[in-house]
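Let's take a walk through this model, starting with a sheet and ending with a pair of helices. Have the structure open and follow along.

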Amino acid sequence: MNQESIQLHINGRKFQIATEPNRLLLDVLRQDLGLTGTKRGCDDSSCGACTVLIDGEPQMSCLMLAVSYQDYEITTIEGVADGSRLDPLQQGFCVEGGAQCGFCTPGMILTAKHLLARNPDPTDEEINQALSGNLCRCTGYTQILASVRRAVELLREAQLQEAQLR
Amino acid sequence: MSLNPAFVPNSGNGANRSPLGARVPMVDSVDKVTGAGKYTDDLALPGTLAGKILHSPHAHARILSVDTSAAERLPGVHAVVTGRETPVKYGILPVGHDETIFATGKVRYIGDNVAGVAAESESVAEEALRLIKVDYEVLPAYFDPEQSMRAETNLIHDEKPRNIEKEYHHHFGNVEAGFAEADYIRDDRFECAEVTHAALEPHSTLAQFDPSDPSDPSDPEGSVTVWSSTQVPYYLMRTLAATLELPEEKVRVIKPLVGGGFGGKSEVIPLELAAAVLARQARAPVKITYTREEVFYAHRGRPRQIVELKTGVKRDGKITAVEARIIQDGGAYCSYGVVTILYSGQLLNAMYDIPNVKFDGYRVLTNKPACGAMRGHGTVNSRFAFETQLNMIAEVLGIDPAAIRRRNLLQPPCMTVNGLRVLSYGYPECLEKVVEQSGWKRKYGKLPYGKGIGLAGSHYVSGAANAIVRSEIPHTTVDLSIDRSGTVTIYTGAAEIGQGSDTMQVQVVAAELGIGLNRVKIVAADTARTPIDLGSYSSRVTFMAGNAALAAAREAKKRILAAVAHKLATTPENLAMEGEHIVCRDPAWRNLSLTFAEAAEEAVLAVGSDGTLRATGSYSPPASAQGGKYKGAGVGPSPAYSYSAQTAEVTVDPETGEVKVDRIIAAHDCGKAINPLNVEGQVQGSVWMGLGQAVQEEMMWQGGRLMNPGLLEYRSASTLESPPIETIIVESNDPEGPFGAKEAGEGSLAATIPAVVQAIHDAVGVWITSLPVTPEKVLRALEEKRRREELSH
């Protein structure tokens, strides 16, 4: 198959690559760009491990052709921390045990990031609803819920501090 | 590897706080939340080829011929390997060497491995697989164990008559006398469907051959490095050496991050050997990563099990005898099967005081993927049957389910009737805790129709007291090195698979040396660099690697304190290590201000060598924990057992048969929680996996074809089907565990299932004896109950 030259906008950077038009975004991220934080856990969009944000919306990169996403801002787990400062969700997943084997974690964090961007104070039900497309086989989800709750608290504290500074 | 505390709040890294019993994040958690951590499929070497495996389309067939010529001619193909080139047999158990890398002569299940290809891309490799021509003579196949046990012809393995892999017949005490003494005897048949691990990371292996060194006559074959998603790097190294016919020192296995195991990566999986064989032939690195469907067929999960169970009790609930006939549908190869069938009998009675026990166990071969070890190995289905029957008996006799368990407790320290040594026993406390927290007395038998509560217990080994391959070497060894800056590095063969192995060892060493976690680094699971550990299975790591790490830290501490004592002209007994400092009881040194780093430097200088102080610790289980002398006595013994008691609350819809689990409370005796955060995570994960087996998960077979080889079809629960799981940690402080610790990662799974089944009975009055408890089974049982009640009116 002929290669096409495409440009992808990922984590605030531009990447110019040549690839076949039938390549999945998941494979281009992992194999061509070395962004291996996006995981493949299944082959049929069952598990959500390959979740990335497309203009802020969580989508499964195992269902997406890379060539079709040239005009979108793509965020992978590698783009979530602010330099050496972890995102509150990343901190939450560390301190509340949300990541055991860690394989579902990137997808969980990106999905939760979208939730908290829309709804900074979600109920447990809203969190569970939002994460229901991301499977985990380790935790039973209890500590994942606690991790997101912790991130909500950290965000609130950060906002309070910011307000006091003003 | 170690956490930067600036990233993580409340990480408990403060130097003045003991890391023992602290809720510290896993040492690799930052790598996991940033995506920086590398799993096997994330690795790539220059020129890596894609490996693919041709699987059998037949459940049982003779291979008449394999023609690979067209595949070999396809541009981009670098290697094609079949069973002709891979004749060496292997298997995880010394008594079960019945597999070859690629099939020789016969295929025994749909999915069996026939040939492998390495090519420049996955699509070329797949095209090459299509070009391989295999002529099969299809043979009659066996799918049901009870039918398979009657086979006389077309045996799955010629040397296994009646397709029985192994049978055991144990009799302890005198069951005839026990049943004669009983006031009430029950006989029930239980059936448990086959379930699988479905770890989220599909198995993956990357193999690279280094060509032989022409100047070194001892190196004619070259050497191989294998990165793999394994729970058992050491056994993988040995099996690679055996099947590739290389000396062990020419094989290096490195375990990157592993995305969950649950037992599915606790033996050598065919792709691990196939990648290495292909890499050798292709003279290039080869990576194979299974598709999710291949993961399901690779399996090695929990077998379908039939339990015919008979229990006799006195009127007060005291058990007088137990007799079990257990059949396991093991699939086409031995795998861990001999151990699985033994566990199903050996641990059946061992959490209670039962004087008379009889066990007949049959591990049966069928033409399906091999079953193996899965979380709670061998014990789960037997525990479901036993605890359910105990609850049935309690109901008939009008005894509270908690009371009937109290009536049958062990009195440790003791030996069970089948020779298992029990020292610490937190089970009574687990029972009391869940009864109290659940409001059991208020609820049991008193909730409105459709709502119910159930109670059950379980236990599990903290590592097997006898190694798979019997030898004199310790079960695990941990090395420490301390440099003059006071940095401590742990070298361990123990395999972190997401359960917290690395973090546990870092905490143990830091606690013993009285230092902060940031001072401790860990290098793990690289057979060329780290000492031997047998692997992450049978919940052995905390007890065994934890004890070895503790022994190594004690040795290092002794040397450091000796050097400091010499310098201060005092005795080591006057010295202690805490809060990153050396503390001295000698009045002359009351105001001593000596940091750990300074003391380490002193000790390093005293050693006078290469600037590093080294210490080693190892662990082997004591002879008193190794069990009896009868055939099969080696499986079941452990230096310590964990215990769990649980309550489950459910809502059953009598119109649809749907069961909703509302709440689980799990009390787990882990001896001592080195890291309560991780203990809770392990217990919750176990309970959740038990819930999956109780009400959702099932490998659905049509003949030898799996009908649901996907995570959605297999019904792995999402957040929406997963209830809150409350955990209670019980600390019985095992006298031989590291700081008193025992296992936490498996033992809670088994109690969940019978607790849910009893809750369903409490809700709607029917006993479901077949897993999983589907709405259809509930409706059928309710219908039968209605019919019985109509007849009796």
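Two strands count as paired if DSSP finds at least two bridges between them, and the elements themselves are DSSP runs numbered from the N terminus: helices are H or I with at least four residues, strands are E with at least two. This is a predicted model, where local features need pLDDT of at least 70, side-chain atom pairs count only at pLDDT 80 or more, and totals for chains, interfaces and linings use all residues. Residues are numbered from 1 along each chain as its sequence is written, while chains are lettered from A and ligands numbered from 1 in the order in which they are written.

Start in chain B, with an open sheet of four strands in the order E21-E20-E19-E25 and mixed pairing. Strands E21 (520–524) and E25 (612–619) of chain B each have a single partner strand, so they sit at the edges with one side lacking a neighbour in the sheet.

Now for the helices H17 (residues 676–695) and H18 (residues 749–764) of chain B: their axes come within 7 Å and cross at roughly 45°. Axes here are lines fitted to C-alpha atoms, for helices over the stretch in contact, with angles from 0 to 180 degrees between N-to-C directions. That angle makes H17(B) oblique to H18(B), given that under 35 degrees is roughly parallel, over 145 roughly antiparallel, 65 to 115 roughly perpendicular and the rest oblique.
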